[in-house]
Amino acid sequence: MAGALEKGIGYICYVNRCLTLFTLQILMGFNACTRTRPAGSNTTPTHSAPFKPEYKLSELDSSDLFNSGNALNAVEGIDEVSGMATGIKNPGDLWVHNDGGDASLLYLLDGSTAQLKGIYSMAASNTDWEDIAISYDIAGDHSYLWVADIGDNLLSRINCSLYKVEELPVVYEVGDTVVPKDVKEVTEYVFHYPDGYYNAETLMIDPLNGEIIVVTRGDEARVYSALETTAQASGVLDMVYRGTLPIAGITGGDVSRNGNHIVMRTYREILLWNRQPGQSVVEALANTPVLLPYIKEPQGEAICWGANGYYTLSERVGSELPSLYHYPFK
């Protein structure tokens with residue numbers, strides 16, 4: 001039944017709050033985000049010419065399908081959270097990481113309480129980690145965390161890196177002392193942009209075909225993508241320019257588990273794209289987005305889909321601890 005719902009929801013490009021039937025279809029489609037093995041996971045993406053849509057953020061429609069954010073709890077001891085992804089082997093929990101300058105650590109937070117439940121210590125460098133995404137194999141037996149070392153404030157990095165590590169279940173009892181778990185089997189993919197140097201803070205992976213998508217941060221957002229299967233034996237990925245978005249300062253993004261919905265954020269707003277049948281995630285970004293509810297955070301960079309909605313988290317600014325926010329469906 002979930003597959004049929006996904007097909008129905010894919011036909012909706014814009015949120016039509018006046019039509020009850022369409023609202024119900026969208027609601028059920030988002031609830032399918034918890035699905036671990038979507039149909040069509042072995043499809044190959046196709047792309048048209050590079051896109052460059054023209055719209056103004058001030059003129060976009062706003063979605064009314066979500067409630068305003070609930071501040072769950074403050075996040076302690078992780079001061080520069082830059083990326084966030086919902087676990088698969090750890091359902092309901094959130095993987096986060098600090099910005100550059102921290103050790104190469106991934107932190108697992110309880111998605112209901114923001115309680116720290118686990119730490120991965122990775123055999124990888126942290127030049128400027130900016131985002132994290134998650135993927136899984138077609139059989140659904142293995143899930144993988146992808147850490148994006150793609151920050152480049154000085155626009156001088158010759159190469160950027162993506163680190164891939166298998167996600168393992170974390171066993172945690174309330175009150176446990178969390179000890180970092182060493183993760184030594186890390187795959188590194190290296191890439192450079194085909195047309196210059198860019199600072200980027202957004203990594204997304206299409207769950208339907210594994211396409212790797214990087215979105216730059218600047219006055220306009222440039223979109224690049226590659227397939228893991230095209231990587232050279234040396235681990236080099238050939239990133240291809242796909243298009244430009246009229247959005248400044250994108251700091252994070254995520255694709256829903258069923259592949260039908262894309263969310264990205266800036267410091268000021270959160271945007272939603274709906275993917276139509278036959279489109280790749282990249283092609284869906286050429287559609288016009290809608291605005292989602294957002295409670296302004298001190299320096300919000302992390303966002304991901306999760307249980308019945310989406311989560312956001314900010315870096316710490318000053319003495320006040322950042323709170324984990326959840327925006328549930330109405």
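Surface patches are made of residues with over 30% relative accessible area and no salt bridge, nonpolar side chains being joined within 5 Å. In the predicted model described here, L155, I158 and Y197 form such a nonpolar patch, and together these residues present about 330 Å² of accessible area. Y197 is placed in the loop between β10 (187-191) and β11, and this tyrosine counts as partly exposed because its relative accessibility is 45%.

Charged pairs were examined next. Side chains of opposite charge can pair when their charged atoms come close. Across the whole structure, nine salt bridges are found. One of them is formed by K117 and D93, whose closest N and O atoms are 2.9 Å apart; this pair links distant parts of the chain, with K117 in strand β5 (residues 116-122) and D93 in strand β3 (residues 93-98), 24 residues apart. K117 counts as buried because its relative accessibility is 18%, under the 20% cut-off for that class, and D93, at 7% relative accessibility, is likewise assigned as buried. A salt bridge also joins the side chains of K117 and D110, with an N to O distance of 3.9 Å, and both of these residues are buried.

A further salt bridge is found between E201 and R217, in which the closest N and O atoms are 2.9 Å apart. Because E201 belongs to strand β11 (residues 200-205) while R217 is in the loop between β12 (211-216) and β13 (221-227), the pair ties together parts that are 16 residues apart in sequence. The two partners fall into separate accessibility classes, since E201 has a relative accessibility of 4% and therefore counts as buried, whereas R217 is partly exposed, with a relative accessible area of 26%. As for the pairs that involve K117, salt bridges with shared partners join D93, D110 and K117 into one network.

The surroundings of T216 were also considered. This threonine is found in strand β12 and counts as buried because its relative accessibility is 2%. The side chain of T216 reaches the backbone nitrogen of R222 at a distance of 2.9 Å.

Definitions and conventions. Residues numbered from 1 in each chain as written. Predicted model: local features only at pLDDT ≥ 70, side-chain atom pairs only at ≥ 80, totals over all residues. Heavy atoms only, no water. Salt bridge = Lys/Arg side-chain N within 4 Å of Asp/Glu carboxyl O. Helix = DSSP H or I, 4+ residues; strand = E, 2+ residues; numbered from the N terminus. Buried < 20%, exposed > 50% of the residue type's maximum accessible area, 1.4 Å probe, protein only. Patch = residues over 30% accessible without salt bridge, like charges linked within 9 Å, V, L, I, M, F, W, Y side chains within 5 Å. Areas by Shrake-Rupley, 256 points an atom, 1.4 Å probe, with all protein chains shown as cover. Polar contact = N/O pair within 3.5 Å; in protein donor to acceptor, adjacent residues only side chain to side chain.
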